[in-house]
Amino acid sequence: MRSDTVEAMSASASATDRVRIKGWLDRARAVTVLTGAGISTDSGIPDFRGPNGVWTRDPNAAAMFTLQSYVADPAVRRRAWRTRGEHPAWSARPNAAHEALVALERSGRLRAIVTQNIDGLHQRAGSSPDLVVEIHGTLSEVQCLDCGDRGPMRAALERVAAGEEDPACLGCGGILKSATISFGQAMEERSLRAAYRAAAGCDLLLAVGTSLTVHPAAGLVDVARNAGARTVIVNGSPTPYDDVADAVIRDPIGEALPALVTA
Ligand SMILES: [Zn+2]
């Protein structure tokens, strides 16, 4: 047991703690960052699962996102297509926290960004797409549930704008859906493997803006710890991993992250 684990015992890091945590970041050679909805709220994208989340306040809204109802009910698909075009991600801009991770990459210490977000803001900020693992998929592409063919979301939204309420796969006529992971839908094996490799192969795991309640993302903290990595949590509210993390920072993410990773 490292003596640093005492950090986790305080509710949040003090100024002295933050200097020490920044030292860990500075000395780390392979940082894997796990990001959740909290990193994108400053960009105007609501947190669906948080205390004030869309799904927390209106559980019925979540029904639209179960794979079973999407496949079974054309009305659910029509509603989903209408809302996809209005998703805040289309007009959102990356914020200071996304940009801080671009700086971390430039410093040569970033192993990977494993994200639960589907908004594409890491790539838009300038993070290398090769280093971003989107375990919950992406809103920027569609996938056919029958033949698996993928294509750009924008082309599908143009078909919706032109009058198709539920555009079908142009290859096989199957049901098209955003290439995001719905409730009841299995995750992409390839992304999961990449996420586990990134967690097992880092010397510091930085969990940012994630409640760490949704698996397998939450389990990546255990994977990193078992591999001997330090774990630092930056989140506005408590997580089930606060007690085992080496440090917990409660400051606003848009301030905490730039302070931690920039020289
Ligand atoms: Zn198809």
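The model you are looking at is a predicted one.

**The zinc site**

Four cysteines supply the protein donors of the zinc ion, each through its SG atom: Cys144, Cys147, Cys169 and Cys172, at 2.3 to 2.4 Å from the ion. If you follow the chain, these donors show the spacing C-x2-C-x21-C-x2-C. Cysteine 147 sits in the loop between E4 and strand E5 (150-152), while cysteine 169 sits in the loop between H8 and E6, so this pair ties together parts that are 22 residues apart in sequence.

Are cysteine 147 and cysteine 169 buried, partly exposed or exposed? Cysteine 147 has 44% relative accessibility and counts as partly exposed. Cysteine 169, with a relative accessible area of 7%, is buried.

Glycine 173 also belongs to the loop between H8 and E6. With 52% relative accessibility, glycine 173 counts as exposed. From cysteine 147 to glycine 173 the separation is 26 residues in sequence and 9.2 Å in space, C-alpha to C-alpha.

**The overall build**

Stepping back, the protein has 11 helices and 9 strands. Of its 263 residues, 49% are buried. Among contacts with a separation of 6 or more, 68% are between residues 24 or more positions apart.

Which residues touch the most other members of the largest nonpolar core? They are Ile21, Val33, Leu206 and Val232, in a core of 26 residues. Several elements supply at least two residues each to this core: helices H1 (15-27), H6 (96-106) and H11 (253-261), together with strands E1 (31-35), E2 (110-115), E7 (204-208), E8 (230-234) and E9 (247-249). H11 gives the largest share, 5 residues.

Valine 232 shows how such a residue is surrounded. Setting aside neighbours within four places in sequence, valine 232 is in contact with Ile21, Trp24, Leu204, Leu205, Leu206, Ala207, Ala247 and Ile249. Apart from this core lies another, of 23 residues, which include Val133, Val221, Ala229 and Ile233.

Helix H5 spans residues 74-84, and its buried residues are Val76, Arg77, Ala80, Trp81 and Arg84. Why do these residues line one face of the helix? Viewed down the axis of H5, the buried residues fall within an arc of 135°, so they share one face. As background, an α-helix has 3.6 residues a turn, so residues three or four places apart point the same way. The cover over the buried residues of H5 includes helix H4 (67-72), strand E4 (137-144), helix H8 (153-161) and strand E6 (176-180). At the start of H5, a side-chain oxygen of aspartate 73 comes to within 2.9 Å of the backbone nitrogen of alanine 75.

Helix H10 covers residues 219-226, with Gly219, Leu220, Val221, Val223 and Ala224 buried. Covering those buried residues are, among others, E1, E2, helix H9 (189-200), E7 and E8. After H10 comes glycine 228, which has a positive phi, near 90°.

**Loops worth a look**

The loop between E7 and H10 holds proline 216. The peptide bond leading from histidine 215 to proline 216 is cis, with omega near 10°. Leucine 212 is found in the loop between E7 and H10 too. Its phi is near 55°, a positive value in a residue other than glycine. Leucine 212 is buried, with a relative accessible area of 2%.

Another loop, between E1 and helix H2 (54-57), contains aspartate 42. Leaving out neighbours within four places in sequence, aspartate 42 is in contact with Asn95 and Gly254. Aspartate 42 and alanine 92 are 50 residues apart in sequence, and 9.4 Å separates them C-alpha to C-alpha.

| Residue | Relative accessibility | Class |
|---|---|---|
| Leucine 212 | 2% | buried |
| Cysteine 169 | 7% | buried |
| Cysteine 147 | 44% | partly exposed |
| Glycine 173 | 52% | exposed |
| Aspartate 42 | 55% | exposed |

How values were computed
Residues numbered from 1 in each chain as written. Predicted model: local features only at pLDDT ≥ 70, side-chain atom pairs only at ≥ 80, totals over all residues. Heavy atoms only, no water. Buried < 20%, exposed > 50% of the residue type's maximum accessible area, 1.4 Å probe, protein only. Helix = DSSP H or I, 4+ residues; strand = E, 2+ residues; numbered from the N terminus. Arc of directions from axis to C-beta. Contact = heavy atoms within 4.5 Å. Polar contact = N/O pair within 3.5 Å; in protein donor to acceptor, adjacent residues only side chain to side chain. Core = buried A, V, L, I, M, F, W, Y, C linked by side-chain atoms within 4.5 Å. Donors = N, O, S within 2.8 Å, 3.2 Å for Na, K, Ca; no water.
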